Amino acid sequence: MPASSDRSGSSPRLPSPNATWQQRSLASVWHPCTQMQRLAEVPPIAVARAHGPWLEDFAGTRYFDATSSWWVNLFGHADARINAALKQQLDTLEHVMLAGCTHAPAVELAERLSARTGHALGHTFFASDGASAVEIALKMSFHSWRNRGLGDKREFACLRHGYHGETIGALAVTDVAVFRDAYDPLLMRSHVVMAPDARQAEPGESAADVARRAAADLQRLLESRHEHMAAVILEPLVQCAAGMAMHDPVYLREVRALCDRYQVHLIADEIAVGCGRTGSFFAFEQALVEGSAPIWPDLLCLSKGISGGYLPLSLVLASDTIYEAFLDDDTARGFLHSHSYTGNPLACRAALAVLDRFDEEPVLQRNRDTGALLTAALAERLHGDARLEHVRQRGMIWAFDVRQEFAGERFAERFHLAGRAQGLLIRPIGRTVYLLPPYLLNEEHVAYLAERTVATLHAVL
Ligand SMILES: Cc1ncc(COP(=O)(O)O)c(C=O)c1O
């Protein structure tokens, strides 16, 4: 299936279409998250088309999109249902500003998302990228305290190695050195508290014990600073950019209780982990204990998968208490934030098609079933491999770490390139190899993913 040679049949004198697009890209496109000087050695895959989990280059070589194109794709590329919804929307209303106007896709999406929280989060504010949603949540938190006469509450806490995006505000609550350090002089100061990452367990300690230890660290901060603290921001259940660091849901319950006790907002950044990725529609749902009252964050950020991976859409769901803090005759007490494409109808329509699938198809159950197959296939192939540690899974995210002594130089880049030769688009984070595939795995995909991932591993180590 994958082939490393170009099968386009071009004359040997002419560069292949793949090479042509790569060269033109190098000459004109500044690629994200990329040291451009290395691009000649790690040229981008020139993607001609995509279908289902497959990306295809101009020579017809196929790559399994094992990371769902930066964690955005849910139901595969060129999904018939989302395509149809978008085509219809395109002929109806492509875009209109959302200040002074409204439209069905934004209203329906806000209603349906709120209903999914049992109306605990009653209003939706729309934006485009994940980082914008984080900016909005931070501003909303601070401004709502200010409107309530608590303007001193302007500090934020975030988790060790947490990631919330790359704009200046989002970066200020991000603790990933490679993204943050160069801009550190520009950033507001945040409090970084212990992460609940279960990999930190001491002998005899469970994941829940680590989570409680991390919550105790946050408690120490809130005890001393609560009068100045606006919000705690966290990625529920999986800190993805930290290297798929997973934690026990008890952490979310503990943080919710601490935030209530110290009057601090809880911002759940579900940009990567929302929309079923961790096994429930919202990751935060897993904090609920059967028989006890539902708990929710005060602000919840969504992006990436909400549009099925089609269009830039992000949003912040806000509690009624926060929303009501902005209602006033004074314009300046309103939330005057805006982006030109806020609530774009096409993006919202794609999101509605995503919600239709969750409502009408057993998406989560199907993921549990096919997910179990992938877990078993990986376990069978990785069992007893002493070069690996922390083999783990949460919902539709699988990860393992290669021990430091085996990883060697530029592990992630070497693994990525070896993955290409195996017909995989896979990009480890540091020494962490992970799979975050679209929700359409069948038995053939499972076997392919497991075999090719392990073959890549053997080729690299
Ligand atoms: C948890 C989390 N928050 C925020 C972001 C930023 O989203 P965007 O890249 O769309 O700005 C990301 C992106 O990976 C993310 O994983």
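**Reading a ligand shell and a helix**

Mentor: Helix H5 (residues 130-147) contributes the most to the shell around the ligand, with three residues. Helices here are DSSP runs of H or I of at least four residues, and strands are runs of E of at least two, numbered from the N terminus. This is a predicted model, in which local features need pLDDT of at least 70 and side-chain atom pairs pLDDT 80 or more, while totals for chains, interfaces and linings use all residues. Residues are numbered from 1 along each chain as its sequence is written.

Trainee: How many residues surround the ligand?

Mentor: A residue is near a molecule if its C-beta atom, placed from the backbone, lies within 6 Å of it. The ligand is surrounded by 14 residues, the closest being Asp 129, Gly 130, Ala 131, Gly 165 and Ala 272.

Trainee: Which residues of H9 are buried?

Mentor: A residue is buried if 20 or more other C-beta atoms, placed from the backbone, lie within 10 Å of its own, exposed if 12 or fewer, and partly exposed in between. In H9, Tyr 251, Leu 252, Glu 254, Val 255, Leu 258 and Cys 259 are buried. Viewed down the axis of H9, these buried residues fall within an arc of 160 degrees (taken from the directions from the helix axis to the C-beta atoms), so they line one face of the helix. The face turned away from that buried side carries the exposed residues Asp 260 and Arg 261.

Trainee: What follows H9?

Mentor: Gln 263 follows H9, and its phi is positive, near 55 degrees.
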